[in-house]
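Colleague: Can you put the model up? I'd like to go through its pockets and then its surface.

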Amino acid sequence: MKKQIIMVLCSVLGICTVHGQSRDLKLSKAFIQQNLSDAAQQIKVLANEIPKEKFPKTFENNKQVFSSSSWWCSGFYPGTLWYLYEGTQDHELLQNVEEKLPYLEKEKYNKGTHDLGFMLFCSFGNGLRLTGDSVKYKDVLVTGTASLSSRFNETTKTIRSWDHKPWHYPVIIDNMMNLELLTQVSKMTGNNRYYDLAVAHAETTLKNHFRKDYSSYHVIDYDVNTGKVIEKKTHQGAFDESA
């Protein structure tokens, strides 16, 4: 049993012992390509199960659960299709993602969420990167960036995360991952305001979100009138000081 445990640990750590000598295991291109190909086949199975206007979400009570385009993870499925297309050049995946994007496009007008980076940059951003078709994808990103920037507050110097109570002006650490949309569209358009908003949000986050041990609070709730911190919370963790 002890030997089996050691072998499992070695495999996880990427270390193998041969004739008493240890060596590092390296991923081969063939191994990676095979996994990409397998994933491409698997996502085709998923694609055949999704209603045309819906997006995959989860599996509960032996049933698949789908979301609308307004769910914060809606851009992950088309983003995954793009990445697998990039890795396999399987044109069926390209067809799948192009059929799904029209049902997501309307979220470029959504000013009620901070997650437009997840929703639009994973999907339309990768579309622009891989095809270079600015006519098809750039306007969605530019309009979406304008919608996202509308949530920036000059007093708090942050982009608001949630609109619901009991929060006053909540900003969650996750919001940092949506800033890429602002910085990249700033490069595309030459509009420095988007870059400046991203930097301001990041600097405020750096100032207020982190503990002395560099772990992060989940939510900082601000006073919108003064910009001062009201509370430092962990909404989806064990307790407020939990990392």
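Colleague: What volume does the largest pocket have?

Modeller: About 270 Å³ for the largest pocket, bearing in mind that this is a predicted model. It is lined by 16 residues, and the closest to its centre are Trp72, His114, Asp115, Trp162 and Ile172.

Colleague: How does the lining of the largest pocket divide into nonpolar, polar and charged?

Modeller: Six residues of that lining are nonpolar, seven are polar and three are charged.

Colleague: And the second largest pocket, what is its volume?

Modeller: The second largest pocket comes to about 230 Å³. Its lining has 14 residues, with Tyr83, Phe121, Cys122, Asn126 and Glu180 the closest to the centre.

Colleague: Which elements give two or more residues to that lining?

Modeller: Two or more residues come from each of α5 (116-131) and α7 (179-189). The most come from α5, which gives eight residues.

Colleague: How many of the second pocket's lining residues are charged?

Modeller: Two are charged, alongside eight nonpolar and four polar residues.

Colleague: Switching to the surface. Which residues form a nonpolar patch there?

Modeller: Leu27, Phe31 and Ile32 do, and together they have about 310 Å² of accessible area.

Colleague: Where is isoleucine 32 found?

Modeller: Isoleucine 32 lies in helix α2, which covers residues 29-47.

Key: Residues are numbered from 1 along each chain as its sequence is written. This is a predicted model: local features need pLDDT of at least 70, side-chain atom pairs count only at pLDDT 80 or more; totals for chains, interfaces and linings use all residues. Side-chain values use heavy atoms; hydrogens and water are left out. On a 1 Å grid over the protein atoms alone, a cavity is a set of points where a 1.4 Å probe fits but cannot get out, and a pocket is an open set with protein on both sides within 12 Å along at least five of seven lines; lining residues have an atom within 4 Å of a point. Grid points are joined across faces, edges and corners, and a volume is the space filled by probe spheres set on the points. Ala, Val, Leu, Ile, Met, Phe, Trp, Tyr, Cys and Pro count as nonpolar, Asp, Glu, Lys and Arg as charged, and the others, Gly among them, as polar. Helices (H or I, at least four residues) and strands (E, at least two) are DSSP runs, numbered from the N terminus. Patches are made of residues with over 30% relative accessible area and no salt bridge: like charges are joined within 9 Å, nonpolar side chains (Val, Leu, Ile, Met, Phe, Trp, Tyr) within 5 Å. Accessible areas come from the Shrake-Rupley method with a 1.4 Å probe; for residues, only the protein chains shown count as cover. A salt bridge is a side-chain nitrogen of Lys or Arg within 4 Å of a carboxyl oxygen of Asp or Glu.
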